[in-house]
Amino acid sequence: MSSLRRVLEARDWFYLLSLLVPFTVYGVGLKAASALSQFRGAGPGGLFELLLSDLLFDLGYALLWVGAFAVLRRGRARAVLLVLLHATTILVLLVQTAAYQYFKSTGSTLDYGIIALSLAQFGEIKAVIASEVSVLSAALLAAVVLYTAFGPWLFTRALFRDRQEGRPRLPVEAAGLALLAAGFITLSGMAGGAGASFARDGFVNVVITGLGYSETARFDLSSMPGVRPMETPTDTRLVPTPRTQKKNVVFIHLESTRAFSVTPYNEEIDTTPFLQELSRHSIFAERAYTTVPHTSKAIVSVNCGIMPNLTQQITESEPNGIPARCLPDLLKEQGYDTVMFQSATEEFEDRRAVAKNFGYEEFYPLESMDTEGYDRVNYFGYEDDIMLKPSRRWLMEHRDGPFMATYLGVTGHHDYRVADRYGVERYAEDPTLNRYQNEVAYLDHFVRNVIEQYKELGLYEETIFVIYGDHGEGFGEHGRYQHDDTIYEEGLRVPLIIHVPGRFESGRRVEGLVDHLDILPTVVDLLGYRIGGGDYPGYSLLRQIPEDRTLRFSCYHDYKCLASIRGHEKYIYHYGRQPEELFDLAKDPGERHNLAPGTPRAELKRLREDLLRWRASVLAAYDGARYR
């Protein structure tokens, strides 16, 4: 006790402990809750290892402030110190709370890049945040912040009515405490190893990724000498041939729809009987994938036939933000009218500008539609049937064609508020997954409704219908939720059905690897045009898909993960955040058995460098220098 009193008076000890003990309990409690939900079989030793960084950080943080209190005991300097103490502690608590909530919602760790993107796009994502934060959680956080701001002062004042001023002491003890604090905080950043971002304290992980963010951003480009930019089809045109038929082209966008939840790909679930029947008389891609599991990125590949910019910035909405001529633009030159309908709000990710860059002449977002009688299905949109009335009006005016129309819906997107227009079934035990599966079932009705509308207007026989999922959705199969960074099959594999009335009545099943890049060349081939002035990287599904084809993918958020598939071999690289993974999809379609530990390091290095070179080449095509 005498040693403690040599450092601080009893009043100061009480003040600090009344702040730092609840601070530690709260932060470690959040981390423990996350760890127990994700690593249920870790055991006491494994749990301690996951909490070690938090404990070391909290110990170092406490010693830092004890030392500061020992040096600055009175006057204006102490007042400034108190403001810094409370402000810094509130900041750390907010970051730790955000890290907990982000992990709970997505299964991914929060880092500096995600925070920077969220602040830049706060106006767009505030509804997303609100949908994930319950009233109870918000009240708890408010109570924590209020206590941190005023609790220690109130309790100390009540207990120590007479202000005691200890004599100033030499800062020798304080210097020692500062060194110990620096050591513990440094060790907290090392706990769990460099590849275990979850094992780090949430605040420490944000700081570390912030300090290393620009360095990581430079890595992909500067360490890849001789990387050539991806070839971009900026001078292409459609050239008519004797086979040319100016049929209408319709894209039906199935938001957040994974192949596993659609009946043609999983007959154990009866969510989409209409798509099941339609697939038997259409081009049906058995192994179809997105390129990036995020809508604004995926639709670049769908409409423009190239890889999107592999950064989390929505550069596709910027002027000249897409280094390619997109299908709507190419068809306009051939006399087509073009339109995009969207059941989401216009401002979300600046979709009007994206549609304009694709070449759509007209754009009808949610704001142009009458919402009466329709249900909201998530925080930024209404059920997809809301597009049917404006679609009918537009088609009546353009029924002489030819035209290209896209129906970009949002039913299926998080936070899965089920529209009960067609009833609600029990598809899964988990309530969240069941709501999602019911939204997929709703989409089956929507596709039927669109096609029926074309039949009623006499447009069906002269129309090519492309029905695709933009990306999948995770529900904890691999600890990931939603889609942005779900790099596993549930996030990447999507339905793709191309229906051409009068053709493929017996069906055409495509067994090879297919992705969104193949949609543009397939539609051009179906219309009977050839492409002049350049090439697109995808393949027409009317032709043979190369057996040795390699598909490559990127997570949406920067430096989270990359993946490649060749044949049935799937490799995943996590930028050192967790061990790399290798799966045999033929034997292990659920990606449960990681083969990487038994694979030669040279082979893993080859796969890793292939992905990094690919990413560098895509970034270079989008003027990668600006992202260094």
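Lys570 is buried, with 0% relative accessible area, where buried means under 20% relative accessible area, exposed over 50%, and partly exposed in between (1.4 Å probe, protein chains only). Its side chain meets that of Glu489 in a salt bridge, N to O 2.9 Å; the term stands for a side-chain nitrogen of Lys or Arg within 4 Å of a carboxyl oxygen of Asp or Glu. This pair links distant parts of the chain, with Lys570 in strand 17 (residues 569-573) and Glu489 in helix 17 (residues 489-492), 81 residues apart. Glu489 is buried as well, at 4% relative accessible area. Helices (H or I, at least four residues) and strands (E, at least two) are DSSP runs, numbered from the N terminus.

A word on the model itself comes next. The model is a predicted one, so local features need pLDDT of at least 70 and side-chain atom pairs count only at pLDDT 80 or more, while totals for chains, interfaces and linings use all residues. Residues are numbered from 1 along each chain as its sequence is written, and side-chain values use heavy atoms, with hydrogens and water left out.

Now for the overall picture. The protein has 19 helices and 18 strands, and 56% of its 628 residues count as buried. Contact here means heavy atoms within 4.5 Å. Among contacts with a separation of 6 or more, 74% are between residues 24 or more positions apart.

Back to the charged pairs: the structure holds 26 salt bridges. One of them joins the side chains of Glu477 and Arg258, at 2.7 Å from N to O. Glu477 sits in the loop between strand 10 (474-475) and strand 11 (481-482), and Arg258 in the loop between strand 2 and helix 11, so the pair ties together parts that are 219 residues apart in sequence. Glu477 is partly exposed, at 23% relative accessible area, whereas Arg258 counts as buried at 5%. Another salt bridge runs between Arg417 and Asp415, whose closest N and O atoms are 3.1 Å apart. Here Arg417 counts as partly exposed at 33% relative accessibility, while Asp415 is buried at 13%. Elsewhere, Arg325, Asp329, Lys332 and Glu333 are linked in a network of salt bridges.

Ser256 lies in the loop between strand 2 (248-254) and helix 11 (273-279). This serine counts as buried, with 0% relative accessibility. Leaving aside residues up to four places away in sequence, Ser256 touches Gly412, His413, Tyr436, Asp470, His471, Gly472, Glu473 and His483. Val440 is 184 residues from Ser256 along the chain, yet their C-alpha atoms are separated by 8.8 Å.

Arg549 is found in the loop between strand 14 (530-532) and strand 15 (550-554), and counts as buried at 8% relative accessibility. Its side chain makes a polar contact of 2.8 Å with the side chain of Asp518. A polar contact is a pair of N or O atoms within 3.5 Å; within protein, one must be able to donate a hydrogen and the other to accept it, and residues adjacent in sequence count only if both atoms are side-chain atoms. A polar atom of the Arg549 side chain also lies 2.9 Å from the backbone oxygen of Leu513. Residues touched by Arg549, not counting those up to four places away in sequence, include Val514, Tyr539, Ile565 and Arg566.

A search of the whole structure finds 2 disulfides, each a pair of cysteine sulfur atoms within 2.5 Å. One joins Cys304 to Cys326, S to S 2.0 Å. Cys304 lies in helix 12 (residues 295-304) and Cys326 in the loop between helix 12 and helix 13 (327-332), so the link ties together parts that are 22 residues apart in sequence. With 85° about the S-S bond, the link of Cys304 and Cys326 is right-handed. Cys304 counts as buried at 0% relative accessibility, and so does Cys326 at 2%. Cys555 and Cys561 form a disulfide too, with their sulfur atoms 1.7 Å apart. The torsion about the S-S bond of Cys555 and Cys561 is about -55°, so this disulfide is left-handed. Both Cys555 and Cys561 are buried.
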